[in-house]
Amino acid sequence: MQQILRRIAPYTLYIAFFQALIAMCSSLFLSLVLHFTPCTLCWYQRILMYPLVWILAAGIIQKNKKIYFYVLPLSVLGIIIALYHSLLQWGIIPEAITVCTAGVSCATKNIDFFGFITIPFLSLTAFAIISLSLFLYKKYV
């Protein structure tokens with residue numbers, strides 16, 4: 001198993017980059033094309049996701065072996081916010097203790113596939129893929 005992880009480790013930066021790029025383009029599509037208004041927690045997730053595209057691109061171009069120092073803090077914080085937002089939308093955390101006070105409610109589900117796949121869950125998945133990719137890169141490169 002470790003041999004396989006060592007073989008794919010150099011490509012994990014590209015996986016993280018394309019995941020961040022897809023997440024950024026998807027969020028722009030949802031707001032600019034489908035006209036979904038982002039809630040406060042969605043904005044926080046965007047603030048953490050968008051720079052990752054440029055940081056990862058610069059790290060790949062510069063062949064920076066320490067890129068995880070810049071990416072992991074943003075992606076782990078993104079996981080925390082996206083997890084909180086997902087739990088809020090799934091009804092596990094009551095809406096009374098939400099940070100959304102103005103504009104769109106953070107508990108509003110614009111997309112709901114299979115009862116659990118929502119926009120914050122997709123964000124959580126994206127941040128998790130990016131974090132896992134960088135942990136693998138850190139360990140094996």
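Accessible areas come from the Shrake-Rupley method with a 1.4 Å probe, and for residues only the protein chains shown count as cover. This is a predicted model, in which local features need pLDDT of at least 70 and side-chain atom pairs count only at pLDDT 80 or more, while totals for chains, interfaces and linings use all residues. Residues are numbered from 1 along each chain as its sequence is written, and side-chain values use heavy atoms, with hydrogens and water left out.

**Exercise 1.** State the accessible surface of the chain and the part of it that belongs to carbon and sulfur atoms.

Solution. The accessible surface of the chain comes to about 8300 Å². Of this surface, 71% belongs to carbon and sulfur atoms.

**Exercise 2.** Classify the ring pair of F17 and F18.

Solution. Rings of Phe, Tyr and Trp (its six-membered ring) pair if their centres lie within 6.5 Å, with planes under 30 degrees apart counted as stacked, over 60 as edge-to-face and the rest as tilted. The structure holds three aromatic pairs. For F17 and F18 the centres are 5.1 Å apart and the planes stand at 65°, so the pair is edge-to-face.

**Exercise 3.** Classify the ring pair of W90 and F121, and assign W90 and F121 as buried, partly exposed or exposed.

Solution. The centres of W90 and F121 are 5.8 Å apart with planes at 50°, so this pair is tilted. Buried means under 20% relative accessible area, exposed over 50%, and partly exposed in between (1.4 Å probe, protein chains only). W90, with 29%, is partly exposed, and F121, with 21%, is partly exposed.
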